[in-house]
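Student: Please pick one part of this structure and walk me through it closely. After that, I'd like to hear about other places worth a look.

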Amino acid sequence: MFGEVPMARTLYRKILDKHVVRAIDANTVLLYVDLHFANEYTSPQAFAGLVERGVKAPVPDAHLCVVDHIIPSADVTPRVIADAASLRQAETLEANCRRNGIDAFYGANDPHQGIEHVVVAEQGLVRPGMVVICGDSHTTTHGALGALGFGIGTSEIEHILATQTLVYRLAKTMLIRIDGELPEGSTAKDLALTVLRTISARGALGHVVEYQGSAVDALSIEGRMTLCNLTVEAGARGALIAPDEKTTAWVEAHVPDLAGEELEAARSFWRTLAPDEGAVYDRTVTIDASSVRPMVTWGTSPDQCTAIDEPIPEPESFADPIARAAARRGLAYQGLEPGMTMEDVPVQHVFIGSCTNARLADLRAAAGILRGRHVAPGVRAQVVPGSMEVRRQAEEEGIAQIFRDAGFEWRKSGCSLCLCMNDDILEAGVRCASTTNRNFEGRQGRGARTHLVSPQMAAAAAVTGRFTDWRRL
């Protein structure tokens, strides 16, 4: 235990209390880590540190490693990493796993390969109440299952590999309560973008966010993953949703060997993972879900977004001078003008993928728009499933054929065009409707223009050649 125990605890505090090995000072603890997973991009120096110190990971079963950032997504078999530097990263990760006894390594042609955040969840490795760590900021995704997940740096990865613990500075707490019902046609992605627009890209800086409310309860687990995934774009150090019956059913479906007394003990523990009545948060925000509409980003930060039928705001409408300057720069980079609606804007590329929106439910949603339609002339459209397991399921359901018939490129799993660390890169000036999580300058290629949307909105843009309210289709 650390510090004074509050009479009523937040969910964040409850998870911390279960994982603190010892207090270091009033604001810092040594935290036990249940699960660490790594990719080929952020882990090499951490593993090298172990070699220099002459130690190995003491709990190899608590780690999973997957090649996802640099891997090519072309639909060829076998997959070959042609770039020499990228191949070296992949081979180095495999060698590091062998040296440390980490059996869970998924390389280029492993049937379990995929985007790390998709893979660890679909394999049932994330459970409510866990502390889950990765050298990637979107580890907040796993708060959807009631786990405290967050990204860390290379030196911290080394510490976890060597000790299974992390020196952790306590975060502030933030409650975002979302009540009401999402209107028909509004999705979890639209809700997440609405949250970002409401609190800003700095609105949750230094906080762990807990989501509550009827609209959050109504989301599917995949929808909650999208919401928690994007919360880091507000500067959050974590995002949490208390587990409920949906969570329990999802975990049990993905962990079939969890049964009998072990399952009953787990269920009993999971029921304790809810904030106590009267728990106090450092900040509280309320949002009416009924106000959420299909969203599109217009600038170069995920919080710079608007409903599809709303005009792009004037930079001068932002009271904060930093936000005002950012709006001017974002509009200049995107080649847009205040007062336009995004429905006036044509696209040349559509990308469906990433750890935000490449699960089977996301592909089903997009396919529902594409069935019987075709990609518009002049538009290149790609879909990159979140894992090879998602790809297989989509092929079995006929979803892949819908994409192919519509003129989409059906590709293999990986991070791909989310951050352009492989050969999927857009040329300068190309405007892309993307289901990813970041629309920063150059994110999808130097000079490329990225606009964040839901899978349904991406599919609608593909068949109309411009940003379109998918509800009209």
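Tutor: Let's start with the largest cavity, which holds about 30 Å³ of space in this predicted model. The structure has 1 cavity of 30 Å³ or more. Its lining is made up of Leu11, Glu210, Tyr211, Gln212, Leu240, Ile241, Ala242 and Pro275.

Now let's move to helix α3. It runs over residues 84-100, 17 residues in total. From first C-alpha to last it reaches 24 Å, close to the 24 Å expected at 1.5 Å a residue. Its buried residues are Ser86, Ala90, Leu93, Asn96, Cys97 and Asn100. Viewed down the axis of α3, they fall within an arc of 125 degrees, so they line one face of the helix. On the face of α3 turned away from the buried side you'll find the exposed residues Ala84, Arg88 and Arg98. The cover over the buried residues includes β3 (35-39), α2 (44-53), β4 (63-66) and β5 (105-106). Just past the end of α3, Gly101 adopts a positive phi of about 70 degrees.

One of those covering strands, β4, brings us to His63, which lies in it. His63 counts as buried because its relative accessibility is 2%, and the cut-off for buried is under 20%. Setting aside neighbours within four places in sequence, His63 touches His36, Ala57, Ile102, Ala104, Ile160, Leu161 and Gln164. The loop between β4 and α3 contains Pro78, and the peptide bond from Thr77 to Pro78 is cis, with omega near -5 degrees.

Gln164 is not a glycine, yet its phi is positive, about 65 degrees. As a rule, most residues other than glycine have a negative phi, and most peptide bonds are trans. Gln164 sits in the loop between α5 (154-163) and β8 (165-169) and is buried, at 1% relative accessibility.

Ser354 is a further case: this non-glycine residue has a positive phi near 90 degrees. Ser354 belongs to the loop between β15 (349-352) and α12 (360-370), and with a relative accessible area of 1% it is buried.

Notes. Residues numbered from 1 in each chain as written. Predicted model: local features only at pLDDT ≥ 70, side-chain atom pairs only at ≥ 80, totals over all residues. Heavy atoms only, no water. Helix = DSSP H or I, 4+ residues; strand = E, 2+ residues; numbered from the N terminus. Expected span 1.5 Å × (residues − 1). Buried < 20%, exposed > 50% of the residue type's maximum accessible area, 1.4 Å probe, protein only. Arc of directions from axis to C-beta. Contact = heavy atoms within 4.5 Å. 1 Å grid on protein atoms, 1.4 Å probe; cavity = no way out; pocket = protein on both sides within 12 Å on 5 of 7 lines; lining within 4 Å. Points joined across faces, edges and corners; volume = space filled by probe spheres on them.
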